[in-house]
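Q: I am new to this structure. Please show me how to read its features, one at a time.

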Amino acid sequence: SQGRLPASERDALTNARAAMEALGNELEDPVTGEPVVPLLHVYDPRAWNGEGAVAIAYGDPDTADNVTTMVPGTTVKGESIPGDSGHARRVYESARLADPYSTTATIMWIGYDTPEFTDGTVASQSMATAGGERLADYVDGLNAARRGSDVHMSVIGHSYGSTTVGISATENGLDVDDVILVGSPGAGRGTDHADDLGGPTVWVGNASRDPVAVLGDNGW
């Protein structure tokens with residue numbers, strides 16, 4: 001039974017069950033009415049001492065006209081994927097309704113070791129630096145799978161994930177057309193202007209009462 005498993009295996013089992021639950025959350029395309037079957041794009045339930053790595057895509061990243069990778073922030077783990085994949089579903093729906101003539105893929109990417117509040121790692125950029133390198137490699141893989149076909153590639157970073165995205169752009173040459181930073185505490189050391197991110201169009205969205213976003217607020 002699960003109760004007799006070592007702790008590391010219990011974590012892996014929890015992550016596996018979470019991935020299975022998320023893969024069961026199909027989506028109906030709001031334009032065609034056809035089912036959109038989730039695609040398991042990354043899976044390592046034992047990564048980072050059992051926190052787990054997983055990515056789930058809605059739409060086909062190998063063929064879609066528009067591909068968006070969503071990078072979450074603090075405390076997100078493999079077991080978080082059922083809830084967090086809902087964000088990817090909503091972005092998929094919004095994109096299709098905004099441009100029904102283009103195909104879309106949205107990916108919830110829990111592909112790096114996210115920090116915790118309890119151990120103080122959230123105050124450091126070290127995990128964002130490591131995650132930024134992994135993110136750039138992941139996006140390079142998405143681009144390589146296209147074999148030169150046209151694609152509009154975007155990345156959305158939320159909270160600490162926006163710092164991960166920013167560092168990925170400044171230090172690892174993140175190869176995307178758009179960078180979207182939401183609820184951002186800052187885009188990383190040495191980043192004072194959108195031009196510092198190396199060329200993508202940069203969009204920033206903050207809620208006025210978000211205390212995390214205040215950390216990255218440099219005024220008008």
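Q: How many salt bridges are there in this structure?
A: A salt bridge is a side-chain nitrogen of Lys or Arg within 4 Å of a carboxyl oxygen of Asp or Glu. By this rule there are 4 salt bridges. This is a predicted model: local features need pLDDT of at least 70, side-chain atom pairs count only at pLDDT 80 or more, and totals for chains, interfaces and linings use all residues. Residues are numbered from 1 along each chain as its sequence is written, and side-chain values use heavy atoms, with hydrogens and water left out.

Q: Which residue forms a salt bridge with Arg96?
A: Asp29 does, with the closest N and O atoms 2.8 Å apart. Arg96 lies in helix H3 (residues 81–98) and Asp29 in the loop between strand E1 (27–28) and strand E2 (35–36), so the pair ties together parts 67 residues apart in sequence. Helices (H or I, at least four residues) and strands (E, at least two) are DSSP runs, numbered from the N terminus.

Q: Are Arg96 and Asp29 buried or exposed?
A: Buried means under 20% relative accessible area, exposed over 50%, partly exposed in between (1.4 Å probe, protein chains only). Arg96 is buried, and so is Asp29.

Q: What does Lys77 pair with?
A: Lys77 forms a salt bridge with Glu116, the closest N and O atoms being 3.7 Å apart. Lys77 sits in the loop between strand E5 (66–71) and H3, and Glu116 in the loop between E6 and helix H4 (126–146), so the pair ties together parts 39 residues apart in sequence. Lys77 counts as partly exposed, at 25% relative accessibility. Glu116 is buried, at 15%.

Q: Where do Glu171 and Arg189 lie?
A: Their side chains meet in a salt bridge (3.3 Å, N to O). Glu171 lies in helix H5 and Arg189 in the loop between E8 and strand E9 (201–205), so the pair ties together parts 18 residues apart in sequence. Glu171 is partly exposed at 42% relative accessibility. Arg189 is partly exposed too, at 43%.

Q: What does the side chain of Thr106 contact?
A: A polar contact is a pair of N or O atoms within 3.5 Å; within protein, one must be able to donate a hydrogen and the other to accept it, and residues adjacent in sequence count only if both atoms are side-chain atoms. A polar atom of the Thr106 side chain lies 2.7 Å from the backbone oxygen of Ala88. Thr106 belongs to strand E6 (residues 104–110). Thr106 counts as buried, at 0% relative accessibility.
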